[in-house]
Amino acid sequence: MEQLFFYIFAFAAVISAILVISVRNPVHSAFFLIVTFMQVAAIFILLRSPFLAAVQVFVYVGAVMVLFLFAVLVLDMGKETMKEHLHGQSIPAGVMAVILFLLMCYMVVKGRIVANPGSYGEAALVNNTEVIGRELYTRFIYPFEIVSLILLVALVGAIALVMQSKGKEQGK
Amino acid sequence: MIIPYLGVLIIVGLVGFMGVMSFFASFIMRPRNPYAEKLTPWECGMEPVGEANAGHFRVHYFIIAILFIVFDVETLFLFPWATLLTDKGLSGFIFIEMIVFVAILAIGFIYAWVKGALEWV
Amino acid sequence: MPDTATILTVIAIVVKVVIATMVIFSLPLPLTWIERKVAGHIQVRLGPWRVGPHGLLQPVADTIKLLFKEDIVPAKADKFLFWLAPLMAMVPAFAVFAAIPIGDTVMVPIINQEIALYIADMNVGILYILAIGGLGIYGIILGGWASNSKYALLGGLRSSAQMISYEIAISFAAIGVVMMSNSLSLVEIVRSQNHGIFSWNFFYLPVGPVWFAIFFIGSLAEINRIPFDLPEDEGTLSSGYITEYSGMKFSFFMLAEYVAMVSVSILAVIMFFGGWNSPFPFTIGLPSILADLLALIWFFGKVCFFIYLFMWLRFTLPRYRYDHLMVIGWKILIPLSLVTLLVTGFMRIIG
C-alpha cells in the first residue's frame, strides 16, 4: 500500500515538475512548483518524517514561493510567450540533459545513491520533533549557529541592495 | 504511525471534490449572458486605463517577503528547541545556544529597522 | 493486503472526515445569520427580520441566490487560475481541521469501543496547522492577479503582505505555547492543562496573557477581519481581491473566511484556555459518558464565546490604515515576541 502511494506522489511530482518548465505563463509555472513541493512533503511523510514534511510546507511553500510569486508578478510578463534567448544552443543542451539522465539512471540502478537507514527505528521516530531537536542541538551545534550567520548575511545583503536602488530612485 | 496522515489526504480530496461539484451545479443552473460592457474589469465606473498588471509593484513587498523568510526559518528552528527546554540534562546549554541564534538575527532585524526597510513609503 | 485492524482504523478516519467536512461546510450558514443579528443589535436595529421567523431562513435565501447568480469572468482574465483561486482559498481552511481535536478518546457504552474525537493526533500538530494556514495566502494572491483588474491585484498584494507579516507573530505565540506545554501535539497541549483554571496556559503568569494577546491580534490579521480588513473594504479598494468574483466563487471566499474564523477560535481555546477541561480542579465522580459530554459542552461554550468576541470586535472597532497595520506587525509584535520568548525560556529552565 505504501508503495502505491509513493508511486502516485512521485508520478505527480514529476508531472508537475515537467509542467513547471513547459508552460508559457510564469505564474502558472510558479503554481505548478507549489504542487511539486506539496508532493515532496507527502513523500517525506511516507519516510516517517512528519516534522520535515511540515517544515517543507511551512518554509518552501509558505515563504519561498510567496517570494517567487512576488518576483514573478513584478516581471510583468503577461501572457506573452518567453522568447528563446540563446539561439542555436538547444541541441547541445538536449544532448547534455540526456547524458545526465543516463548517468543518474546508472547510479540508481547500481546502488551508488544510497542512504543508510540510520540508528532510529520506527518506534523511536514517533516523537519526531524531540529526536530531531536532540540531534540538532548537540551534534550539529556548529552548523546551527552558522545557519544564523547565513540568514544574517542574506538579510543584510538583500536590504542593502534594495535600499540602494530605492535611494537612487528617490534621488532623481 | 503514518495512518493518521491519510486523513489529511482524504479531507483535501473530499473538499476539492465538493468544490468542483458546487461549481458544476452552479454551471448548470445559472444564466449566461455575457456582453462586452459587462465583462470589462471594474474601475469606479470609468473605462479601464492601461494594463492591469503594469507598474503596481512597490519594492516594499519584496523586502517584506525576504524578511518573512528569515523569520520563518528562525521560528522553525525554535520549535524543536521549545520541546527540549525541560529536559534536565540539556536545558541550560541549549538556552545559551538559542540566545546566540536569536541575538544574531535580532541584529539583522535592527539593521533593517534603522535602514528604513520597514517603512512603507 | 493490510490486516483488519488497519482497515478498521482507515474506515474510522474516513467516517470522521466525512462527518467533520459536512459539519464544517454547513457552519457558515448559522454563523452569517448570527453575525448579522449581532451587528443589528450592536447598532440598535433589527438585523434580518423578514425571511422566515426572525430572519432564520436568510442564509438559505442567500445560498439560493448565490447558486443562481451569473458567473462573470472578466475579459482577458487568466481562466485557469481564476477558477482555481477560490478552491485554493477553501481547501486549506478545511485541511486545518484534520489535526484539531474536540475531545479526548471516549468510551462509547453501546458498542463498547473507544472513539478518538480527532482525525489525527499528529506529533507535529501545531506546526502542521501553521503550515496549512499559510497556504491560504495563495488563494488571495492568485485570485487578485487572475482577475485582470487593478483593484484586485493591489488588494491581493496588500492582503498577502499583511498576512505574512502577522504569520510570524502567530508562529512566535505557538512557540510560546509549546514552551509552556512541552509538546507540539494538540491533544498533549490540552492534557497539560487539566488541573483547573490556573493550569491553563493563559494563567501562566507573567507571559501567558502576553502570548495570548500576540496570538489574538495576529489571528485577527490572518483572517482579514476588522480591525485589519483593509484589503477587503469597500471604501478604498472596492473589496480588493474579491472585486471580480460573483456567484459560487464569491461564496467560496466567504466560506473560507468563516471557516478560518472558527478554526482560529478553536485554536485559541485549545492553546490558551484549557480546551475541553473544566475550570474546576476537582473531579466530581460522574460516570464516564456524562463526564465526556460535560467536556464537550465546556469546549463548545468556550469556542462560541470566542466566535462572539470576533463578531463583537468587528462592529466596535474602526479599521487600521495599511502602514499602521504593518508598523504594528513588525515594529511592535516582533520585538515583544522576542522579549517574551526569552523570559518564558528562562522561566521554563528554572521552573
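Biologist: Which way does α1(B) pass α1(C), left-handed or right-handed?

Modeller: α1(B) makes a right-handed crossing with α1(C), that is, the near helix is turned clockwise from the far one by less than a right angle. Helices here are DSSP runs of H or I with at least four residues, numbered from the N terminus. Mind that this is a predicted model, where local features need pLDDT of at least 70, side-chain atom pairs need 80 or more, and totals for chains, interfaces and linings use all residues. Residues count from 1 along each chain as written, and chains are lettered from A in written order.

Biologist: And which residues make that contact?

Modeller: Among them are B:Leu6, B:Ile10 and B:Leu14 from α1(B), plus C:Val10, C:Ile13 and C:Phe25 from α1(C); contact means C-beta atoms, placed from the backbone, within 7 Å.

Biologist: How do they divide by class?

Modeller: 12 nonpolar, two polar and no charged. Nonpolar is Ala, Val, Leu, Ile, Met, Phe, Trp, Tyr, Cys and Pro, charged is Asp, Glu, Lys and Arg, and the others, Gly among them, are polar.

Biologist: Switching topic, how many residues of chain A are in contact with chain C?

Modeller: 19 from chain A, against 20 of chain C.

Biologist: Which helix of chain A gives the most?

Modeller: α3(A), with 10 residues. On that side, chain A has 14 nonpolar, five polar and no charged residues.

Biologist: Back to chain B: how many helices and strands?

Modeller: Four helices and zero strands.

Definitions and conventions
Helix = DSSP H or I, 4+ residues; strand = E, 2+ residues; numbered from the N terminus. Contact = placed C-beta atoms within 7 Å.
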